[in-house]
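This briefing goes through a two-chain structure by topic, for a reader who has the sequence and the coordinates at hand. Please look over the structure first, and then follow the points below.

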Amino acid sequence: MMDTFAALAHGMAVAVQPMNLLYALIGVFLGTAVGVLPGIGPALTVALLLPVTYKLDPGGSLIMFAGIYYGGMYGGSTTAILINTPGESASMATALEGNKMAKAGRGGPALATSAIGSFVAGTIATIGLAFLAPWLVDFAVRFGPEDYFALMCVAFVTVSATFGDSPIRGLTSLFIGLTLGLVGIDKLTGQARLAFAVPELLDGVEVTTLAVGLFAVGEALYVASRRHHTEEKLEPVRGSLWMTKEDWKRSWRPWLRGTMFGFPIGALPAGGAEIPTFLSYSTEKRLTKHPEEFGKGAIEGVAGPEAANNASAAGTLVPLLTLGLPTSATAAMMLAGFQQYGLNPGPLLFAERPDLVWGLIASLFIANCMLLVLNLPLVGLWVRLLAIPQPWLYAGILVFATMGTIAAKPSVVELSMLAGFGVLGFLMRRFDFPIAPVVVGLILGPIAESQLRRALAISLGDPMTLVQSPISATLLGVALIALLAPFVLKGLGRFKANED
Amino acid sequence: MTSGDPVQPPRRVDRAGIVIAALLAATAAVLVWDARGLQSTAMYGMGPEAMPVVVASGLALLAIGNFVDALRGSLPARESADPVPVVLILVGLALLIAIIGFGGGFILATSALFVTTSAAFGRRAILVDSVIAIVMSTLIYLAFDRLLTLSLPTGPLERLL
């Protein structure tokens with residue numbers, strides 16, 4: 001307990017250095033500005049802004065990341081409320097009620113309750129992260145390679161199969177990611193796999209190229225292909241920005257309940273903010289004193305899911321920082337950010353670079369405060385960004401997306417891969433395959449393989465080692481149940497549809 | 001998903017689903033073919049060829065699963081898609097790659113992408129967009145080159161700066 005306070009105080013001392021404060025501010029600002037663009041979720045925001053941090057030192061860059069991460073989430077909810085295009089499924093609940101509020105001229109309070117709710121939830125969840133992380137690290141140092149492998153199996157299954165609409169399509173996405181993860185030189189034997197004698201492929205597939213291709217290029221192609229369907233309508237923010245006393249009274253309980261849903265579910269290696277946001281939405285719908293307003297713009301329906309969304313975002317940092325386990329596309333991008341400096345999150349990083357880890361956690365608090373101060377007064381600026389005509393907006397997004405690859409590796413092969421992943425992302429959207437499992441598969445696949453091979457090398461090739469460790473046996477059991485459950489209970493995947 | 005237009009009737013063999021299943025099966029075959037060229041040097045445990053075979057088996061199973069879904073026609077309904085803008089954007093990406101590949105530089109390459117994408121989204125003012133694109137990519141180039149000291153590909157236009 002005291003250790004946590006000491007570590008957090010030390011982290012705060014790192015985070016409040018003027019340069020680091022500046023990085024956090026730039027991160028928050030850029031994150032919101034990019035996240036507010038329609039169709040761009042937090043994962044893509046982080047992926048697009050990764051090149052900006054290339055030349056920074058790891059500490060400053062991770063702090064900027066924390067800001068980009070939270071900023072992207074704030075920006076996403078602004079878009080969801082004002083034009084009803086949730087950049088990601090976690091903002092869907094927000095869009096449901098928030099956009100109705102905006103249409104009814106209550107866009108200001110909707111934005112306010114989402115901003116303050118995100119602040120409350122983010123702060124509580126970050127405190128949760130600070131206290132849970134050291135405890136989990138103590139536990140994780142005892143993990144052997146077979147336990148890590150089993151843990152990754154759990155993550156693979158829950159991210160792809162358990163909570164999606166179709167386990168088959170989710171697993172297909174995961175295996176596409178695993179296949180891409182095989183490309184390149186095998187680290188243990190130095191042999192090239194799936195490189196087809198193309199030298200650029202020997203280094204493997206870049207996570208950022210994949211993510212930007214799937215998310216940015218894929219999204220642009222998809223929106224272009226169905227431009228004739230929908231006309232997006234930007235709701236102007238009319239009336240007061242501020243919440244009335246009544247609004248406060250109706251908001252604070254949903255904020256806290258949303259946090260209670262979001263943080264634990266985010267912290268489990270189950271991934272995704274969808275479940276907690278929808279749980280929160282249906283809970284608020286059940287508990288509200290104004291059931292007639294639901295579906296027409298109930299403030300509880302914005303406050304709860306927004307809090308759940310932010311709390312679960314902080315929750316996903318628990319497995320990411322303590323175990324190196326990304327359970328969402330955004331967390332996978334954060335991991336890519338660590339990896340560009342050769343840092344591997346996990347128990348070792350807490351021991352070796354406490355300044356980095358705790359500086360990052362402390363920056364999350366700071367980023368949250370900055371967002372609260374920045375977001376409401378600057379809402380007029382964000383709204384103006386939303387008003388960019390669609391042709392220029394997507395043209396700009398594509399230029400920005402390719403720029404990252406051009407800056408990192410200006411080769412014809414790399415750019416062709418970017419375009420290819422764009423087509424893949426387009427097809428996956430069109431045929432309703434989830435995208436996040438591909439990114440998680442690419443980034444975790446090689447790690448899982450090396451842990452498994454290490455475990456088997458230690459056990460002299462005896463596969464029983466996987467079930468002899470109690471941790472690993474339990475986790476593999478969990479993974480198996482999580483894999484079979486959706487097939488057995490066909491209703492589980494459909495419960496989301498029943499919510500609304 | 002909003003849908004207001006004719007979606008295909010359910011419970012019919014979905015041809016796109018069959019193609020997806022075939023592509024997955026083909027990927028599995030490529031994985032196995034590639035893994036056969038690897039030498040297992042590990043004395044104990046798994047060599048480099050084991051994981052590709054595992055992934056290939058998974059892909060093969062999923063190919064069957066997707067095939068069954070396609071036969072049952074239980075894929076989610078799709079809205080009609082307009083291929084023209086998609087092709088236009090892909091042409092833009094191809095132009096970008098070609099210009100970078102032949103040393104045309106960052107500004108020309110990204111401007112080409114900007115103009116084609118903007119056209120794909122329905123704008124017809126190609127001249128205006130070209131001017132906007134060139135100004136914007138020049139500013140980006142200067143920001144990256146001078147401020148962040150990241151080197152972007154140079155071509156005839158960049159050398160003038």
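Helices (H or I, at least four residues) and strands (E, at least two) are DSSP runs, numbered from the N terminus.

This is a predicted model, in which local features need pLDDT of at least 70 and side-chain atom pairs count only at pLDDT 80 or more, while totals for chains, interfaces and linings use all residues. Residues are numbered from 1 along each chain as its sequence is written, and chains are lettered from A and ligands numbered from 1 in the order in which they are written.

**Helix H2 of chain B**

- The buried residues of H2(B) are B:Met51, B:Pro52, B:Val55, B:Ala56, B:Leu59, B:Leu62, B:Ala63, B:Asn66, B:Asp69 and B:Ala70, where buried means that 20 or more other C-beta atoms, placed from the backbone, lie within 10 Å of the residue's own, exposed means 12 or fewer, and partly exposed is in between.
- The cover over these buried residues includes, from chain A, helix H8 (167-182), strand E2 (192-193) and helix H19 (436-458), and from chain B, helix H1 (15-36).
- Just after H2(B) comes B:Gly73, which takes a positive phi of about 70 degrees.

**The interface between the chains**

- In the interface, 51 residues of chain A are in contact with 56 residues of chain B, a contact being a pair of residues whose C-beta atoms, placed from the backbone, lie within 7 Å.
- On the side of chain A that touches chain B, at least two residues each are supplied by H8, helix H9 (207-225), helix H17 (390-408), helix H18 (412-430) and H19, and the largest share, eleven residues, comes from H17(A).
- By class, this side of chain A has 30 nonpolar, twelve polar and nine charged residues; Ala, Val, Leu, Ile, Met, Phe, Trp, Tyr, Cys and Pro count as nonpolar, Asp, Glu, Lys and Arg as charged, and the others, Gly among them, as polar.

**Packing of H17(A) against H4(B)**

- H17(A) packs with helix H4 (residues 106-120) of chain B at an angle of about 145 degrees, and their axes are 8 Å apart; axes are lines fitted to C-alpha atoms, for helices over the stretch in contact, and angles run from 0 to 180 degrees between N-to-C directions.
- The contact involves residues of H17(A) including A:Trp392, A:Leu398 and A:Ile406, and residues of H4(B) including B:Phe106, B:Leu113 and B:Thr117.
- By class, the contact of H17(A) with H4(B) has eleven nonpolar, four polar and no charged residues.

**Residues of note**

- A:Leu194, in the loop between E2 and H9 of chain A, has a phi near 50 degrees, a positive value in a residue other than glycine, and A:Leu194 is buried because 20 other C-beta atoms lie within 10 Å.
- A:Phe196 is found in the loop between E2 and H9 of chain A and has a positive phi near 50 degrees, although A:Phe196 is not glycine; with 9 C-beta neighbours inside 10 Å, A:Phe196 counts as exposed.
- B:Val86 is found in helix H3 (residues 83-101) of chain B and counts as buried, with 21 C-beta neighbours inside 10 Å.
- Not counting residues up to four places away in sequence, B:Val86 touches A:Leu221, A:Ala224, A:Ser225 and A:Phe426.
- B:Val86 and B:Val53 are 33 residues apart in sequence, and their C-alpha atoms are 35 Å apart in space.

- Chain A has 22 helices and two strands, and 63% of its 500 residues are buried.
- For 500 residues a compact globule would have a radius of gyration near 23 Å, and the 22 Å of chain A agrees; this radius is taken over C-alpha atoms, and the globule rule is 2.2 Å times the number of residues to the power 0.38.
- Chain B has six helices and zero strands, and its radius of gyration of 24 Å is well over the 15 Å that the globule rule gives for 161 residues, so chain B is more spread out than a compact globule.
- Buried residues make up 35% of the 161 residues in chain B, and the C-alpha atoms of chain B fill a box of roughly 55 × 55 × 25 Å, taken along the principal axes.

Terms used: Two residues are in contact if their C-beta atoms, placed from the backbone, lie within 7 Å.
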